[in-house]
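Have a look at the picture before you read on.

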Amino acid sequence: MADNFSGKRCVVTGAGSGIGRALAIDLAGQGAMLALSDIDETGLRETERLIDDASTNRIRFDLLNVADADAIKAYAETVQESLGDADYVFNVAGLTRLGSFEESSLEAFEAIMDVNFWGVVRMSKAFLPQLIRTRGGIVNISSVFGVIGFPGQSHYCASKFAVRGFNETIAQELEDKGVAVTSVHPGGVKTNIARNAKLDAHPVGFQSREKLEKKFDKAAITSPEKAAAIILAGAAKRKRRVLVGSDARIISFVQRLFPARYPGLLRLLLPSVKD
Ligand SMILES: NC(=O)c1ccc[n+]([C@@H]2O[C@H](COP(=O)([O-])OP(=O)(O)OC[C@H]3O[C@@H](n4cnc5c(N)ncnc54)[C@H](O)[C@@H]3O)[C@@H](O)[C@H]2O)c1
């Protein structure tokens with residue numbers, strides 16, 4: 001295992017499950033100093049248990065809601081005081097829900113944007129002075145749904161397209177300051193995201209939670225550990241764009257070739273995308 005992050009101060013949101021937890025465990029194994037957070041205390045405690053040397057004082061665990069602007073400002077100061085300036089911030093916390101735009105309330109839409117988009121912006125802003133001092137890196141998790149639109153996911157796709165636009169812009173702005181910005185676009189990764197998703201009454205393409213979970217399990221071809229390894233390799237190389245999984249590579253390729261006709265083509269190419 002490469003240890004590009006040995007001794008680096010890494011901040012990871014959403015560390016209580018899935019991709020965030022896998023990143024935390026990988027980074028801990030590489031000897032990074034870690035500030036791990038999540039809104040879910042049980043999940044965060046489980047991550048702590050899974051990290052062998054969590055008893056050492058180079059890893060801190062904090063409850064943090066990325067929708068809380070004041071809490072994020074205070075958190076950035078606390079992390080700086082206890083560990084020093086951050087070298088990397090991994091913005092991983094996120095959630096989704098299933099439902100058509102017609103059926104979705106504006107409040108539900110805003111709640112997704114608040115976490116998936118504004119959470120990323122708030123964290124990036126709060127830690128930016130530290131990252132400029134360390135000439136570090138921001139690693140923001142978008143999605144393949146930041147590359148293509150997908151029925152039943154208008155809020156999620158909007159939030160992930162917004163993250164991509166944000167990433168691709170600040171990557172250019174921050175280049176001269178020595179801060180790398182990596183936009184990460186995973187395909188299906190076997191995590192709790194579908195199980196944690198809220199469903200509107202008539203979610204597009206899924207008559208039930210069972211159908212959603214079955215479809216997700218079939219589509220999620222990458223393990224969180226593999227996803228973390230790909231993300232860390234990309235971040236270490238200071239790549240601007242990281243696609244996670246062969247599904248993400250196919251989706252990105254087809255979208256670029258057929259920007260208007262990709263929905264039908266992807267249904268043919270990736271059976272798991274079919275309803
Ligand atoms: N799993 C996939 O197939 C997939 C694909 C593309 C992108 N992503 C993105 O990867 C990221 C991680 O998702 P995952 O698949 O590991 O899902 P997950 O549900 O397993 O983990 C997400 C974590 O984010 C935390 N979280 C949710 N709201 C939060 C908030 N307001 N403040 C702080 N933490 C909060 C949850 O408690 C959870 O621990 C998300 O941004 C997701 O959109 C996932």
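A polar contact here is a pair of N or O atoms within 3.5 Å. Keep that cut-off in mind, and remember that this is a predicted model.

Start with an oxygen atom of the ligand and a polar backbone atom of I19: they are 2.8 Å apart. Another pair involves Y156, which brings a polar side-chain atom to 2.5 Å from an oxygen atom of the ligand. N192 takes part through its backbone, where a polar atom is 3.2 Å from a ligand oxygen. How much of the ligand does the protein bury? Taken alone, the ligand exposes 830 Å², and the protein buries 94% of that.

Now look at the residues around the ligand. There are 29 of them, and S17, D38, Y156, V189 and T191 come nearest. Sorted by class, this shell has 13 nonpolar, 13 polar and 3 charged residues.

With 12 residues at 1.5 Å a residue, α1 should span 16 Å, and because its end C-alpha atoms are 17 Å apart, the two values agree. Is α1 mostly covered or mostly open? The helix is mostly covered, with 10 of its 12 residues buried. Just after α1 comes G31, which takes a positive phi of about 85°.

Note on methods. Residues numbered from 1 in each chain as written. Predicted model: local features only at pLDDT ≥ 70, side-chain atom pairs only at ≥ 80, totals over all residues. Heavy atoms only, no water. Near = heavy atom within 4 Å. Polar contact = N/O pair within 3.5 Å; in protein donor to acceptor, adjacent residues only side chain to side chain. Areas by Shrake-Rupley, 256 points an atom, 1.4 Å probe, with all protein chains shown as cover. Nonpolar A, V, L, I, M, F, W, Y, C, P; charged D, E, K, R; others polar. Helix = DSSP H or I, 4+ residues; strand = E, 2+ residues; numbered from the N terminus. Expected span 1.5 Å × (residues − 1). Buried < 20%, exposed > 50% of the residue type's maximum accessible area, 1.4 Å probe, protein only.
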